[in-house]
Amino acid sequence: LVSSGQLVMLESGEIRPGSDLLACLQSHWAGESERAARELDNYHQSNPLRRGIPREEFKSRLKIAQARLFNAAVRRWSMDGLLEDAGNLVRRPGFEIRFSVQQKTQVERVLARFAQAPYAPPTIKDVQQEVGEDIYTAMVDLGYVYPVSSEVAFRKEDYDRMIQMVREHFQRQETLTVIQFRDRLNTSRRYVLAFLEHLDSVGITVRDGDVRKLKKA
């Protein structure tokens, strides 16, 4: 059946008597593949500013209860080029977020506000109120801005510059305080604290009382 193409293997491994590898009849698999493609296309059409559909939502839409079967199907569809598996998201191959002319103008206006005050940018709430949650999420997905907390985000280039500042500081001193970094950036404690707590959470620094130290590998 496999050799003749009547049976589609959803898992790799040795095909032998008693094997518990998942497989599907070609006729049924073709129908399920068409349904999966249709669900993805519908999602992209309805959500053009999202990178893809969350895996769990895709699983629910396809009404596949078993996690093993769903994961196997996604792997096979990925191999066949029907979709791209992006970890917690899936999407159609080649799909890209594209802003309309009006949306692009909105994004450029917001990024100009970030550029005017790179270390005291508008809050996430302010951005969402100005352009909407979908456009803000797309800006994050596209790497235009990098959130460090639920309230604070920086442009990616400013975030990278701040990381470099921290590393340069630790080349000269063993500890870093909020006040020191606040004065270096000439900004408020609110932004500095959000950034330094983010560095703690991603394992770049470690807090020791009122100071931060570079986390040792």
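Buried means under 20% relative accessible area, exposed means over 50%, and partly exposed lies in between (1.4 Å probe, protein chains only).

**Entry 1: ground rules.** I noted that this is a predicted model, in which local features need pLDDT of at least 70, side-chain atom pairs count only at pLDDT 80 or more, and totals for chains, interfaces and linings use all residues. Residues are numbered from 1 along each chain as its sequence is written, and side-chain values use heavy atoms, with hydrogens and water left out. The helices (H or I, at least four residues) and strands (E, at least two) I refer to are DSSP runs, numbered from the N terminus.

**Entry 2: two loop residues.** I looked up Asn-186 and found it in the loop between helix H8 (178-185) and helix H9 (189-201). Asn-186 counts as exposed because its relative accessibility is 73%. Its phi is near 55°, a positive value in a residue other than glycine. I then looked up Lys-63, which sits in the loop between helix H2 (55-62) and helix H3 (67-80). Lys-63 is exposed, at 71% relative accessibility. Lys-63 is not a glycine, yet has a positive phi of about 60°. I wrote both down because most residues other than glycine have a negative phi.

**Entry 3: H4 and H5.** How do the axes of H4 and H5 cross? I found that helix H4 (residues 101-116) and helix H5 (residues 124-131) have axes that come within 10 Å and cross at roughly 155°. Axes are lines fitted to C-alpha atoms, for helices over the stretch in contact, and angles run from 0 to 180 degrees between N-to-C directions. H4 and H5 are therefore roughly antiparallel (angles over 145 degrees count as such).

I listed the contacts (heavy atoms within 4.5 Å). From H4, Gln-106, Arg-109, Val-110, Arg-113 and Phe-114 meet Val-127, Glu-130 and Val-131 of H5.

**Entry 4: Val-110.** I picked Val-110 in helix H4. Is Val-110 buried or exposed? At 1% relative accessibility, Val-110 is buried. Apart from neighbours within four places in sequence, Val-110 contacts Val-127, Glu-130, Val-131 and Met-139. I also checked Val-110 against Arg-55: they are 55 residues apart in sequence and 31 Å apart in space, C-alpha to C-alpha.

**Entry 5: Arg-91.** I found Arg-91 in strand E5 (residues 89-91). Arg-91 counts as buried because its relative accessibility is 18%. Which residues does Arg-91 contact, leaving aside neighbours within four places in sequence? I recorded Leu-40, His-44, Arg-51, Gly-52, Leu-83, Glu-84 and Ala-86.

Technical notes: Angles under 35 degrees count as roughly parallel, over 145 as roughly antiparallel, 65 to 115 as roughly perpendicular and the rest as oblique.
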